[in-house]
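Student: I would like to learn how to read charged pairs and a chain interface in a model like this one. Could you take me through them step by step?

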2 protein chains.
Amino acid sequence: MAETAREIADELRERIRSGDLAPGARLPGEPALVKKHGVAKETARRALMLLVSEGLAVRRKGSGTYVREFQPIRRVANRRLSQETWGAGRAIWSADIGERPMTVTELRVYEAPAPDDVARILDLEEGAAVVVRDRLFTVEGEPVQAAVSYLSADLVRESAIAQEDTGPGGTYARLAELGAKPVRFVEELRSRMPSQEETERLHLTEGTPVVEIYRTALTEDGRPVEVNRMLLDAGVYVMEYHITG
Amino acid sequence: MAETAREIADELRERIRSGDLAPGARLPGEPALVKKHGVAKETARRALMLLVSEGLAVRRKGSGTYVREFQPIRRVANRRLSQETWGAGRAIWSADIGERPMTVTELRVYEAPAPDDVARILDLEEGAAVVVRDRLFTVEGEPVQAAVSYLSADLVRESAIAQEDTGPGGTYARLAELGAKPVRFVEELRSRMPSQEETERLHLTEGTPVVEIYRTALTEDGRPVEVNRMLLDAGVYVMEYHITG
């Protein structure tokens, strides 16, 4: 009996897991699968699409289907602690950031009414003015993360935070000068499929979710002074957190 | 000119964002879209599928397409800190856990050779024996998380950790008795689309990614004593982390 698309996908998946088909390798094409398994072209196509929809493979137009390469960027939320507690070579997923510099592009800084959820988190009145810093992070020219920061305009309007160049030490150094130094952070994460607009902005490949992170910066007395909404290409990021019990 | 599937999807997406179509609401069906927009049935179908693939809507067989409900479970990695620093009503995504108890099902405890990545993290020889605790967490009968813990068999084999019931205080209390009390934790997260097997185990709906978390528990002197690999239904979880700057 001829195999089903799922059985063929199972076989290819096992070859990917075992390393027989390495990251970046080209998967057998439809004609090769048709010949090997004696199935219809449509069945071969569906087998490959199953692997794409699982995020294990990516299609390249006019070229074929390839094993997805996952050489992630490691995002360490509490980098200072990480140096002490977690030696080299211990991570589950190896990562290569440090070798590939991250660049800020498409920076826009402007004043606008706070979105409802941001106003609530920042303890502002509905529609109060915020300074918005909207930018895209790229690695080797490819977008990997979009980030939008919101800060009370009353607090930061006169500082360099409202300028494109925030100066030495960046936003947090300026907040400290304004008597609002952030010392604690809360990050809320969820993961979901992207909208079409997000897919285009981050150049996401098929079958790639996004990780949405809201990071709130709090002062010593618990005052929320910044909300940063980040949208990460889940195909290139590993997030790391260090927790003291 | 008749609208495209994408234009119809844009319109429905806007109605979902604005709240006009609330979480759980039924979206207009194919016949209604055909009539309203003067398009082919196939175009209406593709418009709805676009929203499903974005994770904004879910299909129910023989019933229609509905706005996805996102009433997440909040997973707070460092719960002790969270009480002090983050008051009620401040979260971006509201969550209802606490009202819906989580149940452990399908618990299996057994000894096996350590998978390569686990052996590396636990500083064990290749293929060394580990005690494996494999279980599924459900809420209201629905699976939300699969978790597999690995601990050195030489360390825990004689303790209740190797039994189904780990006793009062659980695994960490037993580890403390063995002189291996965990005091620090590292969590590595990534998000990706699930395999077919994972989709079935977690009863995932279409367009739902998974969040994969490896949590390593370390003793005071930095010795890794447990690795817990968790697989979360991204459609029902918000992860929260508290970070001290």
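**Reading salt bridges and the interface**

Tutor: Let us start with a pair in chain A, where the side chains of A:Arg13 and A:Asp10 meet in a salt bridge, with 2.8 Å from N to O. A salt bridge here is a side-chain nitrogen of Lys or Arg within 4 Å of a carboxyl oxygen of Asp or Glu. This is a predicted model, in which local features need pLDDT of at least 70 and side-chain atom pairs count only at pLDDT 80 or more, whereas totals for chains, interfaces and linings use all residues. Residues are numbered from 1 along each chain as its sequence is written, chains are lettered from A and ligands numbered from 1 in the order in which they are written, and side-chain values use heavy atoms, with hydrogens and water left out.

Student: Where do A:Arg13 and A:Asp10 lie?

Tutor: Both lie in helix H1 of chain A, three residues apart, which is about one turn of the helix; helices (H or I, at least four residues) and strands (E, at least two) are DSSP runs, numbered from the N terminus. Side chains of opposite charge can pair when their charged atoms come close.

Student: Is A:Arg13 buried or exposed?

Tutor: Buried means under 20% relative accessible area, exposed over 50%, and partly exposed in between (1.4 Å probe, protein chains only). A:Arg13 has 10% and is therefore buried, while A:Asp10, at 34%, counts as partly exposed.

Student: Which pair links distant parts of the chain?

Tutor: The side chains of A:Glu106 and A:Arg201 meet in a salt bridge of 3.5 Å, N to O. A:Glu106 belongs to strand E4 (residues 102-113) and A:Arg201 to helix H8 of chain A, 95 residues apart. A:Arg201 is partly exposed, because its relative accessibility is 31%.

Student: How many salt bridges are there between chain A and chain B?

Tutor: The count is four, and one pair that meets in a salt bridge is A:Glu200 with B:Arg6, at 3.3 Å from N to O.
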